[in-house]
Amino acid sequence: MAITAAQVKELREKTGAGVMDAKKALVETDGNIEKATELLREKGMAKAAKKVDRIAAEGLTGVYVDGNFAALVEVNSETDFVAKNEQFVALVNESAELIAKNKPADNDAALAIQMASGKTLSEAYVEATSTIGEKISFRRFALIEKTDAQHFGAYQHNGGRIGVITVVDGADDALAKQVSMHIAAMKPVVLSHTELEEQFVKDELAQLNHVIELDNESRAMVDKPALPFLTYGSKAQLTDEIVAAAEVAIKAELAAEGKPEKIWDKIIPGKMERFMLDNTKVDQAYTLLAQLYVMDDSKTVEQYLASVNATVVAFARFEVGEGIEKAANNFEAEVQATMAAALEK
């Protein structure tokens with residue numbers, strides 16, 4: 001039977017399929033819209049299955065705040081170009097909204113959430129993979145709760161490639177967003193040094209000293225003085241005895257320099273501050289509170305928050321593709337394989 005443009009339009013609006021795919025499905029099912037819809041769904045699942053092993057390391061983050069709950073999600077595509085697709089962006093945003101409102105426990109529960117269309121999120125991702133033509137995958141989410149007295153800071157950077165949610169106690173939404181902007185830029189992994197494992201600190205300290213060693217080799221070649229190696233890397237290593245010994249050493253240094261004792265109280269706090277900064281380099285790299293605040297680099301984040309009677313309760317930061325091993329020349333290899341196969345025919 002003849003397939004009309006109106007039938008193709010109806011099927012496209014119902015399924016999101018391309019013009020030719022919709023027309024072929026209608027031809028195969030003698031114009032039956034319901035059967036054509038099911039056929040497209042089956043073909044879409046088959047196409048998605050073929051793409052399951054492909055690497056999707058591009059994409060977007062999505063953020064949604066619903067009262068005292070906020071969701072941060074990461075959804076991946078194979079190319080940055082597809083990450084700008086309207087259907088893809090809408091799926092990311094709807095995923096964040098549904099997770100904030102439904103509060104799933106894990107990815108399986110998240111993908112089982114039913115959308116307004118009646119489809120589950122899982123089915124929506126299969127459909128998107130089929131329609132868009134790339135592997136589209138839901139990677140992860142963070143769900144954060146606050147109290148009525150606390151504030152969310154929601155922020156996305158670089159077109160949504162980085163997403164951050166922060167919960168701040170005290171201050172206001174504006175400060176919470178500023179802290180989220182800091183987190184986006186400075187990439188802290190945890191809130192404070194108490195969350196860093198002892199062996200991790202030792203390994204990172206060894207790596208920092210290795211860099212200093214290489215730098216000193218270069219400095220020696222041009223007769224520059226060697227830089228001192230770091231003894232400590234985290235506040236967790238600075239016991240009360242170590243801090244007290246550092247203060248004693250500073251006093252001895254001041255005495256040797258002939259500084260009168262009556263001004264020591266004005267000098268010692270600054271030198272102790274320098275001691276703490278020099279011996280918490282691992283904290284500064286990985287913990288939010290120890291980092292110099294980007295909005296006021298004369299203070300650490302912890303010091304700045306204390307100055308405005310605020311504290312950070314929790315945060316989540318996603319950067320698209322972090323931790324995913326990208327396959328170099330993935331699409332180039334596909335093109336070459338296609339061309340080779342064509343030449344063999």
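Are phenylalanine 138 and phenylalanine 141 buried or exposed? I noted that both phenylalanine 138 and phenylalanine 141 are buried, where buried means under 20% relative accessible area and exposed over 50%, with partly exposed in between (1.4 Å probe, protein chains only).

I kept in mind that this is a predicted model, in which local features need pLDDT of at least 70 and side-chain atom pairs count only at pLDDT 80 or more, while totals for chains, interfaces and linings use all residues. Residues are numbered from 1 along each chain as its sequence is written, and side-chain values use heavy atoms, with hydrogens and water left out.

Next I looked up ring pairs, taking rings of Phe, Tyr and Trp (its six-membered ring) as paired if their centres lie within 6.5 Å, with planes under 30 degrees apart counted as stacked, over 60 as edge-to-face and the rest as tilted. By this rule I found four aromatic pairs. One of them joins phenylalanine 138 and phenylalanine 141, a tilted pair with 6.4 Å centre to centre and 35° between the planes. Tyr125, Phe138 and Phe141 form one aromatic cluster.

For charges over rings I required NZ of Lys or CZ of Arg within 6 Å of the ring centre and within 35 degrees of the ring normal. Lysine 103 lies over the face of phenylalanine 69, 4.4 Å from the ring centre, and the charged end of arginine 140 sits over the ring of phenylalanine 318, at 4.0 Å from its centre.
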